[in-house]
Amino acid sequence: MAVLLLLTPVDSHVFASDKIFSGMRAYFQDTTRMMPDTLSRSDTLATEGDTTDTFLETEINYDAKDSIVFSRVDNKVYLYEDAKVTYGNIELTADYIEYIQDSNMVFARGVKDSTGKVVGMPVFKEGDKTYDARVLRYNFRTQQGYIRRIITQEQEGYLHSEVTKKHSNNQFHFKNGKYTTCDKTHPDFYIAMTKGKVIPNKRIVAGPSYLVLEDIPLPIGVPFGFFPIQSRQTSGITIPGIGEDPQKGFSLDGLGVYLAISDYMDVKLSGEIYSKGSWGANLQYRLQKRYKYTSRLSADYQREVFGDKGSPDYETSRTFRISWNHSQASKANPYSNFSANVNYSTSGYDKRHGQTMQDRVSSNKSSDVSYRRSWPNSPFTLNSRLRLNQNTRTRNVDFTLPTASFNMSRQYPLRGLDNNSQTDWYENLQVSYSADMQNKLTTKDTLLFKDTKFSDFRNGFQHRIPMSLNFKVLKYFNITPNVNYKGVLYPEYIQKRWQPRYYDPELDSTYGRIVEDTIRNIRYAHSVEPSVSLSASPKIFGIFQFKNPRSKVQAIRHVITPSASLSFRPNLGGMTDQYYDRVQINEQGDTRQYSYFDGQLYSPPSSPRRSGSINVGLNNNLEMKVRSSADTTDELKKVKLLDNLSFNSSYNLFADSLNWSPIRFNGRTSLFDNKLNLNFGGTLDPYALNDQGRTINTSALKASGKPVRLTNFRVSTGIQLGSGGGDGNDQGRGQQQRGSQAAQPGQQQPGASAPQPDAGGDYNYFNIPWSLNLDYSFNYRKPGFESTITQTIGISGNFSLTPKWQIRFNSNYDIQKNKIGPTSINLTRDLHCFTMSFQWIPIGYRRSYNFSIRVNSSMLRDFLKYKKNRTFYDNF
């Protein structure tokens, strides 16, 4: 038990322990006249009518594990081992604390244990702030203190100082300080400050400062320092970096301004400039509201100069890229949604500034901005989209501005009319509605924002009203009559005519030709298309069971699903004849049918000819039931031998030749507990070829003795291997994050305990996290007499040699060309407060590397970094 002693002038010390002494309180008041340097009366919490001077605003609580000693000689209280003193929102803990009652002063320090190590050093907490120290003096009345060797966290960073003075307004003056984002007690790096001042939640202002790395002072210093430690965003100047490019010269990169417009919005404007004339500008915009939406806009413009002016290799280019992503929270509005995913760039931007291998080699890009609107308890929906498809290789751009659709989901108008619980066959009549419009432009990317006019766009409108009824006959046959109304609004139409004599000045000859005239006049075309279809798709099961009950394979099941359907649409006759005409195509007088609406966004309402087809298919599924050798129960495990093997073809009832379509087959399966995937497919043509390699209306069996021709066959397989059945990424990333993240408020602070051990101490070096993906693809094509074969092998993976090393690689090999394809190797090393990365493309015309070391903290990331790279332009 703890012992409380009242000491006489002859001091004596008695120490007892084992039980925590707690609950002792003292409320100190001084009724004598206050000294001038004490608090004024207005700083106390004296109640109305109280005429006494109260030095303290609230009571002081203290306890200790070992003992509490009162001394009447100097009016002090001594607290030993796990001592704690609390005063309002202030808490002080240490293994030794002195409390001076006369001046309301506390003194705290650590004590030496049996090994000579100082333990139980003071930890001072005030509100949400924590200060670790060696020695601390604090006056509860003046709220001022003196601290030696303090460690405290300020936002993302940590402040160390040898001598610190705390003022009543919570500001600090310090001497011989260190500022770092490393959470170690002995930091890996820091900015040494001779003196400075801390204004909480605002800034740290320092005198002459210099950088120290691994206890080595570097010749990098400033006469004064300014470190923002605000919890909210603030505007300011971004720090530039200095670099060099072999072709563009020395550079100043990243100089700009950051504007914190509000808690939801900020903007960053930055630029780069090179000594040989190149320059660039970058815009970053963010708008984010929690539980509502997130929007990010990025724009980059580059004006580059290569070579010396007047030399043969002199070249200039202007490229840009725009990226915009907007997403709406799912619960923000269940009936309305707006989203955007825009990724547009000029053809040369990705080749020069692509961040990944995929960015540099990909030629197709797409952008989409969409809005969806629905109404509660209503079948109607409205969708509007803006689309842009870009091919950087051909420089073609398909721009749709906009496309809009209005739809009504499937409705059953006859259900519930007879007020009975059964559904009659005619109640399955269903009707729906859809309408959409488009405004589309196809052009080159160089002309998109220059010579484009509204007349260059193609546009139109169409709507449909489909009605159908499905009922079953003889259990297996489904009959579905359909009636489909289609109406199209065209802004223009064409008329074709034969021009018998046309003089071509380039050829200096006269010949006949077809002339096409465009009449810009709105025209509406519509039709009603009746049709009927008959289909059947039964399932046939075949099961083979093994007689031996101890056999590992107990049964094999084969499921065959044949399918056949017949569809027919009658000749519409004069209903659509008004939309078609015939035109002479040669001097012999031969004619050909054409539609007034050929080449429009929407096809003509219907063809006047009758149509009919028979579609046949065959699906196969093969499974077996096996008994686990380790399983002593009667439970069986299902294993798929063949997920699917399908054959499909169709027969055109009214075609004058080539009635059968090519037979297409596809299959897939997975082996070894889904680690190995196998996909294959191909095309079989039942018709023969003529001498020119064209398909003719003669069966392949009659021409070559073979029932079909194999025109295409493809197979692809891939295997995924990894430690513990996984890819090893989670452990590697977890180790990296654990080493790089700084302690957050509320976590254990450095200095309060012994330094953290190396993360590799509990790492199992005989179970290295790794993953390996192997892919193989084979493609055979023979549409005519010539065949082509393509074979590629791909390999990718990652592994962690240690908890802080991460290695990733990706490559492929073209077997036919005997050539290695794009290859990349990425190495990452977690250096606790820093991250080292190395990206290397060792072969090909894009050979390059990028090496960087940068601090993990976002506050100092743009300031403390080192970069060295070689771009693929250096290869030329």
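## Basis of the model

The model is predicted: local features need pLDDT of at least 70, side-chain atom pairs count only at pLDDT 80 or more, and totals for chains, interfaces and linings use all residues. Residues are numbered from 1 along each chain as its sequence is written, and side-chain values use heavy atoms, with hydrogens and water left out.

## A435 in strand β32

Strand β32, spanning residues 430-444, contains A435; strands (E, at least two residues) are DSSP runs numbered from the N terminus. A435 is buried because its relative accessibility is 8%, where buried means under 20% relative accessible area, exposed over 50% and partly exposed in between (1.4 Å probe, protein chains only).

Beyond neighbours within four places in sequence, A435 is in contact with A404, S405, F406, N407, F461, Q462 and H463; contact means heavy atoms within 4.5 Å. H463 lies 28 residues from A435 in sequence, yet their C-alpha atoms are 4.0 Å apart.

## Nonpolar surface patch

L474, Y476, F477, V532, L534, L566, F568, I614, V616, L653, F654 and W660 make a nonpolar surface patch of about 1000 Å². Such a patch joins nonpolar side chains (Val, Leu, Ile, Met, Phe, Trp, Tyr) within 5 Å, from residues with over 30% relative accessible area and no salt bridge, the latter being a side-chain nitrogen of Lys or Arg within 4 Å of a carboxyl oxygen of Asp or Glu. Accessible areas come from the Shrake-Rupley method with a 1.4 Å probe, and for residues only the protein chains shown count as cover.

At least two patch residues come from each of β38 (523-536), β40 (553-569) and β43 (611-626). L566 belongs to strand β40 and is partly exposed, at 36% relative accessible area.

## Cysteines

The structure holds 0 disulfides, a disulfide being a pair of cysteine sulfur atoms within 2.5 Å. C182 is buried at 0% relative accessibility, and C833 is buried at 5%.

Notes. Helix = DSSP H or I, 4+ residues; strand = E, 2+ residues; numbered from the N terminus. Patch = residues over 30% accessible without salt bridge, like charges linked within 9 Å, V, L, I, M, F, W, Y side chains within 5 Å.
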